[in-house]
Amino acid sequence: MQLTFKSISTDFWTDNRLSLYVFDTNLQTNDPIGYLSFYDHDKLNRRAAVGILVYNKFRRQGYANAILHHLDNLCRDTLHLRQVYVDILDTNIVSQRLFEQAGFLKCGLLRDWVLFKDHYHDVYRYQKLLQ
């Protein structure tokens, strides 16, 4: 698996958000396997929220882990961030484990934060300080 990233959004520094298509150059297709988003960018404190989506047909093949493996260098060296965070539904145990394995620490609980399927859910906030 050899991942590359291509911007699909406007300037991170102006719009405070950035979305990147993720490609696996080992696949015989020009279709992305998913995308990586940065949003809620705080320039002063050098932090942003992060979100990952791997398209259904590419799930359970290690792509989310591979994307998170690239995250530190991308955030630190290209985007000049000091920290990133992610909010994960309390029911999404798979994502919680994924981000914990990537070095994110659970640092908070937001009660009834997200309306999903006609029900409010708690959200755990995970944070990673970049060295």
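The legends below describe close-up views of a predicted model.

Local features are given only where pLDDT is at least 70, side-chain atom pairs count only at pLDDT 80 or more, and totals for chains, interfaces and linings use all residues. Residues are numbered from 1 along each chain as its sequence is written, and side-chain values use heavy atoms, with hydrogens and water left out.

**View 1. The sheet is open and has seven strands.**
The strand order is β1-β2-β3-β4-β5-β7-β6, and the pairing is mixed. From one strand to the next, the twist averages 30°. Helices (H or I, at least four residues) and strands (E, at least two) are DSSP runs, numbered from the N terminus. Two strands pair if DSSP finds at least two bridges between them.

**View 2. Strands β3 and β4 are antiparallel partners.**
Strand β3 covers residues 34-42 and strand β4 covers residues 47-54, with seven bridges between them. Within this pair, F38 stands opposite V50 in β4. A salt bridge joins R47 to D42, with 3.3 Å between the closest N and O atoms. The term salt bridge is used for a side-chain nitrogen of Lys or Arg within 4 Å of a carboxyl oxygen of Asp or Glu. By this rule the count comes to five salt bridges. R47 is partly exposed at a relative accessible area of 29%, and D42 is partly exposed at 21%. Buried means under 20% relative accessible area, exposed means over 50%, and partly exposed lies in between (1.4 Å probe, protein chains only).

Contact means heavy atoms within 4.5 Å. Axes are lines fitted to C-alpha atoms, for helices over the stretch in contact, and angles run from 0 to 180 degrees between N-to-C directions.

**View 3. Helix α3 has buried residues on one face.**
S95, Q96, L98 and F99 are buried in α3. Seen down the helix axis, the buried residues fall within an arc of 165°, so they line one face of α3. The arc is that of the directions from the helix axis to the C-beta atoms. These buried residues pack against β4, α2, β5, β6 and β7. V94, R97 and Q101 are exposed and sit on the face turned away from the buried side. Just after α3, G103 takes a positive phi of about 95°.

**View 4. Strands β6 and β7 form a hairpin.**
The two strands pair in the antiparallel sense over eight bridges. V114 stands opposite H121 in β7. Two residues lie between the strands of the hairpin, in which K117 takes a positive phi near 55°.

**View 5. D122 in strand β7 is buried.**
The relative accessible area of D122 is 15%. A salt bridge links D122 and R111, whose closest N and O atoms are 3.0 Å apart. R111 belongs to strand β6 and D122 to strand β7, so the pair ties together parts that are eleven residues apart in sequence. R111 is exposed, with a relative accessible area of 58%. The side chain of D122 also reaches the backbone nitrogen of D112 at 2.8 Å. Leaving aside neighbours within four places in sequence, the contacts of D122 include I88, L89, D90, L109 and W113.

**View 6. D87 and R125 meet in a salt bridge between their side chains.**
The distance from N to O is 2.7 Å. D87 lies in strand β5 and R125 in strand β7, so this pair links distant parts of the chain, 38 residues apart. D87 is partly exposed at 27% relative accessibility, and R125 is partly exposed at 26%. Between the C-alpha atoms of D122 and D87 the distance is 9.7 Å, with the two 35 residues apart in sequence.

Notes. A polar contact is a pair of N or O atoms within 3.5 Å; within protein, one must be able to donate a hydrogen and the other to accept it, and residues adjacent in sequence count only if both atoms are side-chain atoms.
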